Amino acid sequence: MAESVLITGASTGLGKEMALYLAAQGFQVYATMRDMSGADSLHATAKHRGVELHILPLDVTDKASIDKAVETMVRDTGGIYGLVNNAGIGLRGYFEDLANAEIRQLFDANVFGVMEVTRAVLPHMRREGRGRILLISSVAGRIGSLGVSAYCSTKFALEGFGESLALEVEPLGVRVVIVEPGIIQTERWTTNRGIAAGADNPDSPYYEWFRQAEKEADQLVRASSTTPQDVAVTVYRALTVHNPKLRYMVGRKASLVVALRRYIPREWFERLYFKIVMRRVTRPRKNLRPGQAS
Ligand SMILES: NC(=O)c1ccc[n+]([C@@H]2O[C@H](COP(=O)([O-])OP(=O)(O)OC[C@H]3O[C@@H](n4cnc5c(N)ncnc54)[C@H](OP(=O)(O)O)[C@@H]3O)[C@@H](O)[C@H]2O)c1
């Protein structure tokens with residue numbers, strides 16, 4: 001029987017492409033989504049691409065839905081070989097403009113949701129003495145940026161979680177892999193952008209800087225040549241190679257920035273890179289300081 005893999009957040013973007021790609025490579029794919037209204041469209045795309053997907057409801061913030069999806073999959077296939085923790089939301093805005101409730105919601109999906117789904121599949125993988133748990137982190141899990149402090153915090157948290165979990169479960173035959181994509185054009189940058197209410201308010205002291213940061217981000221998205229399929233290919237590799245690495249980066253620019261951080265002295269990198277990022281946002285109104293935007 002083909003290996004089975006469960007993917008969270010498969011209604012759009014990277015998760016959707018991973019589901020289609022892995023199915024085309026012969027995996028038995030359980031593509032899950034929190035809102036099943038997207039199921040017909042995904043089935044239609046799968047049919048168009050000549051593959052078959054099992055689509056199940058799963059909201060990573062709802063334990064009952066996680067347990068039900070895992071139970072269904074185990075009943076159908078006898079176990080779970082792979083889990084791709086892909087589902088995630090964004091939250092954009094300068095820190096002072098983020099409400100605690102928004103940050104908690106972000107952590108619920110991006111961190112606690114990942115932990116809950118992982119907790120649900122681990123007993124099955126332990127029993128089998130094999131399995132792969134993938135965490136879709138980000139270059140934002142390796143380096144901070146402005147306007148995304150909370151999002152980066154969730155991805156940094158995933159990095160620590162993945163690194164520690166890997167040490168705990170590798171002796172049991174279960175491998176943990178952290179996948180770190182750079183910027184890729186998906187719904188994340190349009191309908192699922194996740195701009196905080198406070199950041200969208202012209203009265204915010206950071207409003208002008210945030211708007212400029214968003215323009216810069218959009219330019220990076222437009223200039224990015226990394227595609228959802230690049231991530232899918234990496235995920236396939238992480239699921240199939242005999243001895244997977246702990247981390248895989250996806251995208252040339254992301255790899256370059258992280259390599260620079262690793263190889264040049266930390267102080268130099270921080271001075272240089274952070275200065276460049278800050279200047280890009282503050283340069284258009286050089287003398288502007290927080291509190292002076294309005
Ligand atoms: N695109 C990038 O530039 C980029 C770069 C690095 C890392 N990433 C990471 O890659 C992953 C996928 O992002 P994407 O670019 O494909 O964005 P996306 O198109 O917005 O996809 C996110 C997916 O997560 C789902 N989701 C959100 N909350 C959920 C919940 N509580 N339970 C289940 N599913 C939920 C969304 O479902 P709905 O359709 O119902 O909202 C959607 O299918 C995320 O973890 C993201 O942080 C993206």
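Which residue of β2 is the bridge partner of Ser 4? In this predicted model, that partner is Gln 28, and the pair belongs to a set of four bridges that join β1, residues 4-7, to β2, residues 28-33, with the two strands running parallel.

Let me stay with β1 for a moment. Ser 4 and Leu 6 point one way from the strand while Val 5 and Ile 7 point the other way, and all of them are buried. In a regular strand the side chains alternate between the two faces of the sheet.

Stepping back to the sheet, it is open and has seven strands in the order β3-β2-β1-β4-β5-β6-β7, with parallel pairing. Because β3, residues 54-57, and β7, residues 247-250, stand at the edges with a single partner strand each, one side of each is left without a neighbour in the sheet. From one strand to the next, the twist averages 20 degrees.

Now to β4 and β5, residues 82-85 and 131-136, which run parallel and are joined by four bridges, with Leu 134 of β5 as the bridge partner of Val 84. Helix α4 packs on the sheet, touching β4, β5 and β6, and its direction makes about 175 degrees with that of β4.

Finally, α4, residues 100-128, also meets α5, residues 149-169: their axes come within 9 Å and cross at roughly 20 degrees, and an angle under 35 degrees counts as roughly parallel, so α4 and α5 are described as roughly parallel to each other. The contact includes Phe 107 and Leu 122 of α4 and Ala 157 and Phe 161 of α5, and its residues divide into 14 nonpolar, four polar and no charged.

Methods:
Residues numbered from 1 in each chain as written. Predicted model: local features only at pLDDT ≥ 70, side-chain atom pairs only at ≥ 80, totals over all residues. Heavy atoms only, no water. Axes fitted to C-alpha atoms, helices over the stretch in contact; angles between N-to-C directions. Parallel < 35°, antiparallel > 145°, perpendicular 65-115°, else oblique. Contact = heavy atoms within 4.5 Å. Nonpolar A, V, L, I, M, F, W, Y, C, P; charged D, E, K, R; others polar. Buried < 20%, exposed > 50% of the residue type's maximum accessible area, 1.4 Å probe, protein only. Pairing = 2+ DSSP bridges.
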